[in-house]
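Dear colleague,

I am passing on the structure below, together with some notes on what came out of it.

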Amino acid sequence: MLLYLLRRILYTLPIAIGVSMVCFALIHLAPGDPLSAVIPEGASPEVIAQIKTAYGFDQPLPIQYFNWIWRAVQGDFGMSIMTRRPVLSEVGPAVVNTMILAVAAVTLGFGLGVGLGIAAGYTAGSPIDRVVTAISVSGVSVPHYWLGMVLIVIFAVNLGVLPAMGMGAQGSATFALDWVSLRHLILPAIAMSVIPAGIIARSVRGTVIEVLKQDYVQTLHAKGLPGRRVFVHVVKNAAPTVLAIMGLQLAQLLGGSILVETVFSWPGTGFLLNTAIFTRDLPILQGTILVLSMFFVAINLMVDLLQSVLDPRIKRA
Amino acid sequence: MVETQTPLVAIEDLTVRFVSRDLDISVVNGVSFTLAAGEAMCILGESGSGKSVTLRALMRLLPPAARVGGKISIGGLDVTTLADGDLRRLRGSLVSMIFQEPMTALDPVFTIGTQIAESVVFHDGVSYSAGRKRALELLELVQIPSAPRRLDAYPHELSGGLRQRAMIAMALACRPRVLLADEPTTALDATVQIQILLLMRQLQRDLGMATIIVTHDLGVACEVADKMAVMYAGRFVETGSSVDVMETPRHPYTRGLFQSTVHGGMRGAPLDPIPGSPPDLAELPPGCAFAPRCPAYEPACDGRVPDMVEVARAQFARCIRCP
């Protein structure tokens, strides 16, 4: 098991390096000069060259990549071009804020999705199943930013029971475990949870139906096991498939949603990316994307490891 | 001696239909038999003859679309009217089943030990560790080598023969009085088949279980069974002791079945298959279902389904030509 763990972690390294290269290259592939935002209009060629040297943009691309990645592994992602503050001090709090929102949305979405999916899978073809299918289809098809705006209109504007934006009193950007912060969390978390809820409900339903068709389920009934024990078998067999999809959803939510965070002015990574894109703040963009893509890699690794714990057949492969 | 006991298993006029919105198939059409403790019966038939469905009906292990009629009495219990909870207590403890394909019939993500122990835990109400202890006893009973180690093995880590032994151990976990086996050796290699059959025969005798084995393999049938029932289109067409049925088959279908079987003594002789194919169960003829394929067909066969008549002592056949 330990050997498998080490091997899996080792496999992840080339993926992480590849991802970081793509992160780096993407920015340089984008049209336009990354420095155009900071270079004053009508600046002399000497000034432009000076600025370029200051940011290291005069070096060849491979050198720039190695310098960037070397500093990045030491926690130095450079300075924000707009705020002149270290990228890490901008990205760090944003990541935490997005995580808070993601955890809330995931709890809500996965809980709802798993519950509905199991109910539908166990009653395939029944009215319950049809209702769940309708709910999950609308969950994935309704645009979540639109739902966010609808929620704001209903609960903030018309009913006035929940705040419409921000994550605390007076636009505070730090989260406290108090009633005010929790109230700010409710609407964006609901808006973020509908897509994972729909996707998870569908995949749980499909997997449960598939598992219930297996011969070994008939054996369990032939052994006279009570329904709750059969359920344990169904869950353990369905878990690896569902976990893979959950991992992807979780990674996506941790990436933050530019649209939902912008609608609710939630100071997370999505909000930060949005700002960085419009201000052409290259170091912030690179740093944020790199951190987020490492989340993806890490979560995929975790899902792989969990799957191998649940299904003994995976370790052999 | 057997006649004086109340039979452990008594099936009377069992019918099973599969009903859906646009389909109504009669799979089992009036099967009756009794079985005493310690007796082994074999139900022989082609695929689709209703033999597996008959077996599953005995513990009501059928999909919701199945409609079961007739009387099923096991150990004095009326299985057809049993409440769900009582049915669950009957399954696995009074009656248990061995399936054809141990690879798919065992849960791939639980160890053999856990899968045996959980039956014991739920039926005998003991702790999990007591269940595991019983599981070890059972693995030794079915002669699995280095049993303590196999307790923690997953099904995919065992060979086909060992998997089927583990399946048998699981079926025996709660000391059933009736053991049902659905083609228990079909998925195994020929050499392993013999070992499993000998093991089943020995366990059945040692533990005094009533056993019903469903198979299409004549070799299996004559190896393990005292009684034999030949099934065609959802009905028994011939019943009797294995020896009588094998030596003097009376029904034309039984004869055809024996003639179309390959064995060593017939090297060089041409095979003699039964012409035609089994009837469509959705549209059974009013008369004898075998008539269209029967070499001894006469117009009277189409009249009505013949009754089971005693053709020799304790041997019955369903054919109008049989005396």
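A:Arg8 forms a salt bridge with A:Asp304, with 2.7 Å between the closest N and O atoms, where a salt bridge is a side-chain nitrogen of Lys or Arg within 4 Å of a carboxyl oxygen of Asp or Glu. This is a predicted model, in which local features need pLDDT of at least 70 and side-chain atom pairs count only at pLDDT 80 or more, while totals for chains, interfaces and linings use all residues. Residues are numbered from 1 along each chain as its sequence is written, chains are lettered from A and ligands numbered from 1 in the order in which they are written, and side-chain values use heavy atoms, with hydrogens and water left out.

Chain A is divided into domain 1 (2–73) and domain 2 (92–316), with bounds that come from an automatic or database domain assignment. Across the interface of these two domains the rule finds 1 salt bridge, and the count of residue pairs in polar contact between them, both residues at pLDDT 80 or more, is 2; a polar contact is a pair of N or O atoms within 3.5 Å, of which, within protein, one must be able to donate a hydrogen and the other to accept it, and residues adjacent in sequence count only if both atoms are side-chain atoms. On the side of domain 1 of chain A that touches domain 2 of chain A, helix H1 (2–29) and helix H3 (61–73) of chain A each supply at least two residues, and H1(A) gives the most, with 13 residues. Helices here are DSSP runs (H or I, at least four residues), numbered from the N terminus.

The centres of the two domains of chain A, taken over C-alpha atoms, are 32 Å apart. In terms of contact (heavy atoms within 4.5 Å), 22 residues of domain 1 of chain A meet 16 residues of domain 2 of chain A. Between them the two domains bury about 1600 Å², 75% of it on carbon and sulfur atoms, buried area being the accessible area (1.4 Å probe) that two parts lose on being put together, summed over both. In domain 1 of chain A, the residues that lose the most area to domain 2 of chain A are A:Tyr4, A:Cys23 and A:Ile27, together 33% of what that side buries.

A:Cys23 is itself buried, at a relative accessible area of 4%, since buried means under 20% (1.4 Å probe, protein chains only).

With best regards

Definitions and conventions. Buried means under 20% relative accessible area, exposed over 50%, partly exposed in between (1.4 Å probe, protein chains only).
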